[in-house]
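Biologist: I would like to go through the labels on this model one by one. Tell me what backs each of them.

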Number of protein chains: 2
Amino acid sequence: MELSQAVTALSALAHEGRLRVFRELVQAGPDGLAAGEVSRRVDIQPNTLSASLAVLSHAGLVTSRRDGRSIIYSAAYERMSQVLGFLLRDCCNGSPEICAPIAAILNAAACCGGSSSPTGV
Amino acid sequence: MELSQAVTALSALAHEGRLRVFRELVQAGPDGLAAGEVSRRVDIQPNTLSASLAVLSHAGLVTSRRDGRSIIYSAAYERMSQVLGFLLRDCCNGSPEICAPIAAILNAAACCGGSSSPTGV
DNA sequence: TTTATAATTCATGTATCGTTGAATTATGGA
DNA sequence: TCCATAATTCAACGATACATGAATTATAAA
């Protein structure tokens, strides 16, 4: 991932409405949600939401597919992990002990990061 | 971490110059760098850099201390991990298998996340 | 005290972003 | 075909963010 791509993704998330939308999709899981359903859940007008989804989509953070009259949006989990990986890259250059706690917090937040041993922190 | 704090942090990082500055500090380690040294390394004018560092500082992503005529800036590793954790929270609600790859990438990026077994991915 | 260095603050002009109402496109059902 | 629903696009106005040059504060050395 390049710097400009990371900036685009971070910019997309650096907005209250868009961050709420993104997290709603992240929590919704891989099946995603119709735009109208997102609009109702986060209480954002359809046209405003459409602009927000366009920004997230342009940043590669969500994908979409049509289903009848609805358009279903889903979080792009892989892209999200690339962005987070970019922020962490070389984080402990020269002093590995610094970012060990970071890895621990991330393992805890990613509820399925059970591949790491809790005691190893 | 609250939504508004996350937005503030993401906004601070959603800028090419500031992101370069932040990563430079992340890679520099806990000892940090003097503002002037950062200015030289990322090739940004002192006054512009000062504004960037102020934004990062306000977002809690860097800390500073005076040393003689210099002011030393350091990355706030804990804050960074809080932000990343916020983005990941509840990411696999209902389908844990989805975010397993995310945890794997993060463990790889955080070079010291060696507590997880590579084969466990 | 005077001078030089390090960094910040301030004012300003420009550019970009974000929301909204109205109009438009696309699909499904009567 | 005609109508209703779902979502997007467009134009426009207001607000916010950015970079820069000049001035200011803080520290150290002569």
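This is a predicted model: local features need pLDDT of at least 70, side-chain atom pairs count only at pLDDT 80 or more; totals for chains, interfaces and linings use all residues.

Biologist: Start with the DNA. How many residues surround DNA strand D, and which are the closest?

Modeller: 18 residues surround DNA strand D. The closest are A:Gly36, A:Ser50, A:Tyr73, B:Arg18 and B:Asn47. To count as near, a residue needs a heavy atom within 4 Å of the strand. Sugar and phosphate make up 72% of the atoms of DNA strand D that come within 4 Å of the protein.

Biologist: What makes the pairing of A:Ser50 with a phosphate oxygen of DNA strand D a polar contact?

Modeller: A polar side-chain atom of A:Ser50 lies 2.9 Å from that phosphate oxygen. The cut-off for N or O pairs is 3.5 Å, so the pair qualifies. Backbone atoms contribute too. A polar backbone atom of A:Gly36 is 2.8 Å from a phosphate oxygen of DNA strand D. For A:Ala35, the backbone distance is 3.2 Å. Both values are within 3.5 Å, so these pairs are polar contacts as well.

Biologist: Which elements give two or more residues to the surface near DNA strand D?

Modeller: In chain A they are helix H3 (35–42), helix H4 (46–58) and strand E3 (70–75).

Biologist: Now the salt bridges. How do you know that A:Arg41 and A:Glu24 form one?

Modeller: Their side chains meet at 3.4 Å, N to O. The limit is 4 Å, so the pair passes. This pair links distant parts of the chain. A:Arg41 is in helix H3 of chain A, A:Glu24 is in helix H2 (residues 16–28) of chain A, and they are 17 residues apart.

Biologist: What makes A:Glu37 and A:Arg41 a salt bridge, and where do they sit?

Modeller: The N to O distance is 2.8 Å, and the limit is 4 Å. Both residues are in helix H3 of chain A, four residues apart, so about one helical turn separates them. An α-helix has 3.6 residues a turn, so residues three or four places apart point the same way. A:Glu37 has a relative accessible area of 26%, so it is partly exposed.

Biologist: And in chain B, how do you know that B:Arg20 and B:Glu16 form a salt bridge?

Modeller: The N to O distance is 3.8 Å. That is within 4 Å, so the pair counts. B:Arg20 and B:Glu16 are four residues apart in helix H2 (residues 16–28) of chain B, about one helical turn. B:Arg20 is partly exposed at 28%. B:Glu16 is partly exposed at 45%. Over all chains, the structure holds eight salt bridges.

Biologist: Turn to the sheet in chain A. Why are strand E1 and strand E2 said to stand at the edges?

Modeller: Three strands form an open sheet in the order E1-E3-E2, with antiparallel pairing. Strand E1 (33–34) and strand E2 (62–67) each have a single partner strand, so one side of each is left without a neighbour in the sheet.

Biologist: What makes E2(A) and E3(A) a pair?

Modeller: Six bridges join them. At least two are needed, so the strands pair. They run antiparallel, and A:Thr63 stands opposite A:Ser74 in E3(A).

Biologist: Last, which residues of helix H1 of chain B are buried, and what covers them?

Modeller: The buried ones are B:Ala6, B:Val7, B:Ala9, B:Leu10, B:Ala12 and B:Leu13. Their cover includes helix H1 (3–13), H2 and helix H5 (77–88) of chain A. From chain B, it includes H2, H4 and helix H5 (77–88).

Definitions and conventions: Residues are numbered from 1 along each chain as its sequence is written. Chains are lettered from A and ligands numbered from 1 in the order in which they are written. Side-chain values use heavy atoms; hydrogens and water are left out. A polar contact is a pair of N or O atoms within 3.5 Å; within protein, one must be able to donate a hydrogen and the other to accept it, and residues adjacent in sequence count only if both atoms are side-chain atoms. Buried means under 20% relative accessible area, exposed over 50%, partly exposed in between (1.4 Å probe, protein chains only). Contact means heavy atoms within 4.5 Å.
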